[in-house]
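Hi,

Here is the structure I promised to pass on to you. Have a look at it first, and then read my notes below.

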Amino acid sequence: MIETSSNVTANDLAAKSVNEESSAESTAVPTEAVSAVMPGNATTRGRMGNLKGVRIAGTGSYVPERIVTNEDLAALGCDSDWIVRRTGILQRRHAEPGQATSDLCYEAALRCLENANVSVDEIDLILVATITPDHPTPSTACHLQRRLGAVAPAMDIGAACAGFMYALVTGAQFVSNGNARNVLVIGADLMSRTVDPEDKKTYPLFGDAAGAALLVPSTQDECQSTECNGSAADSTIQTDGLLAYQLGSEGCGGEMLCIPAGGSRTPITTDGEDSASRYLQMDGRGVFKWAVRVFDESAKDVLRAANVSSDQLSLVVLHQANQRIIDSAVSDLNVPPEKVFVNLDKYGNTSGASIPLALDEAARAGRLKEGDLVLLCGFGAGLAWGTALFRW
């Protein structure tokens, strides 16, 4: 992994900023977890790869109709100015009581298939990245498969805020290897169901959404002209698909962002003693510093592996966790703000849905053109991350 003096400076600045203003200063997680995940100059241990012959044929997204503004949260004792200053979030969407994750997935899937002009019976594989499934079993992907009427294998992938990146790489493997032609990849979470409404520093951060992308074989193996997106084509740069990607995890920091109760380790009981443990617990300061570090390192590794410089990027889409994390994470890459897509202010942190939701909005806004180089990065609970450079 890359270690530079500029990276140390970015980390030092991020640490100073977090000590002064934490985005979600929960003390529920032991501080020992921070030192375990960031032992001095330790580097990330992600695995690199690339996948040719894959493209995104269409995107789609869906957010619940109910808008919850910062002012709406005032009744819970949340301070609107505090939320904006610390996170950049103005509002978020909350699902209605009768809505489940598969309902949001279904709407996003329909929009994606329509956008890609692909019928349901052409789907070869369905992947749903979620940590808020309808039920422990069956999978949310199987619920979606049934509702769509698709004849395809379906499975869930649980990697929290990095989930869509894990699902994207998994689906791309099937397409690149010739074992599937149409892979529907969805990131969806109902995070409002996971957070304690009485936790005034964590509850305002999260929202509900679903985003989808359809992966298909590339229609061309190389640029058909001497230019790609207005710049001279570099013969050393792969011209389609995932030019380079990195997936990684640092499980030693798992306690920094977790829901302690509800699994086989700590089943939920009926006596109410575990009521707080069934909600998301977060060490905001530790996660902030880790996220800035892991993006800086993995982004540089991915760009170097693809022989691409940051000034060649057309768009950067990070997991929409916190505006200050996004600003700190991209500062060392020298990427201008206009190339960084942000919709955090409208939707908050939607976990696995944030990247496909942002991609769909960027595409519909005309921010993505054929041949564009797009840098994607998801990071969160696990701790896990996925960074990829994609040729649109």
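Which side chain meets that of R66 in a salt bridge? The partner is E96, with 3.6 Å from N to O. (A salt bridge here is a side-chain nitrogen of Lys or Arg within 4 Å of a carboxyl oxygen of Asp or Glu.) R66 lies in strand β3 (residues 66–69) and E96 in the loop between β4 (91–94) and α4 (101–116), so the pair ties together parts that are 30 residues apart in sequence. Helices (H or I, at least four residues) and strands (E, at least two) are DSSP runs, numbered from the N terminus.

Before going on, a word on the source: this is a predicted model, in which local features need pLDDT of at least 70 and side-chain atom pairs count only at pLDDT 80 or more, while totals for chains, interfaces and linings use all residues. Residues are numbered from 1 along each chain as its sequence is written, and side-chain values use heavy atoms, with hydrogens and water left out.

Back to the first pair. R66 is partly exposed, at 35% relative accessible area, and E96 is partly exposed too, at 38%. (Buried means under 20% relative accessible area, exposed over 50%, and partly exposed in between, with a 1.4 Å probe and protein chains only.)

The count of salt bridges comes to eleven. Another one joins the side chains of E250 and R293, at 2.9 Å from N to O. This pair links distant parts of the chain: E250 sits in the loop between β11 (241–249) and β12 (257–258), and R293 in helix α7 (residues 284–305), 43 residues apart. R293 also meets E297 in a salt bridge, at 3.4 Å from N to O. R293 and E297 are four residues apart in helix α7, so about one helical turn separates them. Through shared partners, salt bridges join E250, R293 and E297 into one network. Are E250 and R293 buried or exposed? Both are buried, and E297 is buried as well.

Next, the pockets. (On a 1 Å grid over the protein atoms alone, a pocket is an open set of points where a 1.4 Å probe fits, with protein on both sides within 12 Å along at least five of seven lines; lining residues have an atom within 4 Å of a point. A volume is the space filled by probe spheres set on the points, which are joined across faces, edges and corners.)

The largest pocket has a volume of about 650 Å³. Its lining has 21 residues, and those closest to the centre are I131, P133, I259, A261 and G262. By class, this lining divides into nine nonpolar, eight polar and four charged residues. (Ala, Val, Leu, Ile, Met, Phe, Trp, Tyr, Cys and Pro count as nonpolar, Asp, Glu, Lys and Arg as charged, and the others, Gly among them, as polar.)

The second largest pocket has a volume of about 380 Å³. It is lined by 27 residues, with C161, F206, L257, L280 and A381 nearest its centre. How many charged residues does this lining have? There are no charged residues, but 19 nonpolar and eight polar ones. Helix α7 gives the largest share of the lining, three residues.

Last, the cysteines: a search of the whole structure finds zero disulfides, a disulfide being a pair of cysteine sulfur atoms within 2.5 Å. Among the cysteines, C252 is partly exposed at 41% relative accessibility, and C258 is partly exposed at 21%.

Enjoy exploring!
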